[in-house]
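Please keep the sequence and the structure in view while reading.

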Amino acid sequence: MMMIGMLAYSKAGHDKQTLYMIVGEDDESVYLSDGRLKPIEHPKKKNKKHIQPVKQGYDKSVQERLLSGQPVRNEEIKSVLKIFQTQGGIECLNQM
């Protein structure tokens, strides 16, 4: 399953319960960006078993651009994460 463009919470580490967007992946890892502390130019590498995906394709335009290799701005990622959190996305933490 392709995870790029999905939103995910960190389940382990010092960033536990932090919301990210998955901006890249390989066999065992994903690359996460929050558009602020972890910009898209320097994403956080995290083991797939240490994240909890919560929403697939939350913003289709950003997801499509990530998949096609087109540029995505950090402000766009921050905006997507903020909108998700203000619409009740925090409730997903209770399921972890």
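**Residue I77 and the cores**

When neighbours within four places in sequence are set aside, I77 is in contact with M21, V23, S33, D34, G35, I40 and V72. These contacts are read from a predicted model.

- I77 belongs to the largest nonpolar core, a set of 13 residues. It is listed there among the residues with the most contacts inside this core, together with L7, L19, M21, V62 and L66.
- Two or more residues of this core come from each of β1, β2, α1 (residues 60–68) and α2.
- The greatest contribution is that of α2, which supplies four residues.
- A separate core of eight residues lies apart from this one, and its members include Y20, I22, L32 and I51.

**The sheet**

- Five strands form an open sheet in the order β4-β3-β2-β1-β5, and their pairing is antiparallel.
- Strands β4 (residues 44–47) and β5 stand at the edges with a single partner strand each, so one side of each has no neighbour in the sheet.
- From one strand to the next, the twist averages 50°.

**Strand β1 and its two partners**

- Strand β1 spans residues 7–10 and is covered on both faces. L7 and Y9 are buried on one side, while A8 and S10 are buried on the other.
- Three bridges connect β1 with strand β2 (residues 19–25), and these two strands run antiparallel. Within β2, L19 is the bridge partner of Y9.
- Four bridges connect β1 with strand β5 (residues 51–55), again in an antiparallel arrangement. In β5, P53 stands opposite A8, and I51 is the bridge partner of S10.

**Helix α1**

- V62, Q63, R65 and L66 are the buried residues of α1. Because they cover an arc of only 165° around the axis, they lie on the same side of the helix α1.
- K60 and E64 are on the other side of α1, where they are exposed.
- What do the buried residues of α1 pack against? Their packing partners are β2 and α2.
- After α1 comes G69, which has a positive phi, near 85°.

**Helix α2 and residue E76**

- Helix α2 lies across β1, β2, β3 (residues 29–33) and β5. Its direction is at about 135° to β2.
- E76 is a residue of α2, the helix formed by residues 74–86.
- Which residues does E76 touch, apart from its neighbours within four places in sequence? E76 is in contact with V62 and R65, and both of these residues are among the buried residues of α1.
- The side chains of E76 and R65 are joined by a polar contact of 2.5 Å.

Terms used
Residues numbered from 1 in each chain as written. Predicted model: local features only at pLDDT ≥ 70, side-chain atom pairs only at ≥ 80, totals over all residues. Heavy atoms only, no water. Polar contact = N/O pair within 3.5 Å; in protein donor to acceptor, adjacent residues only side chain to side chain. Contact = heavy atoms within 4.5 Å. Buried < 20%, exposed > 50% of the residue type's maximum accessible area, 1.4 Å probe, protein only. Pairing = 2+ DSSP bridges. Core = buried A, V, L, I, M, F, W, Y, C linked by side-chain atoms within 4.5 Å. Arc of directions from axis to C-beta. Axes fitted to C-alpha atoms, helices over the stretch in contact; angles between N-to-C directions.
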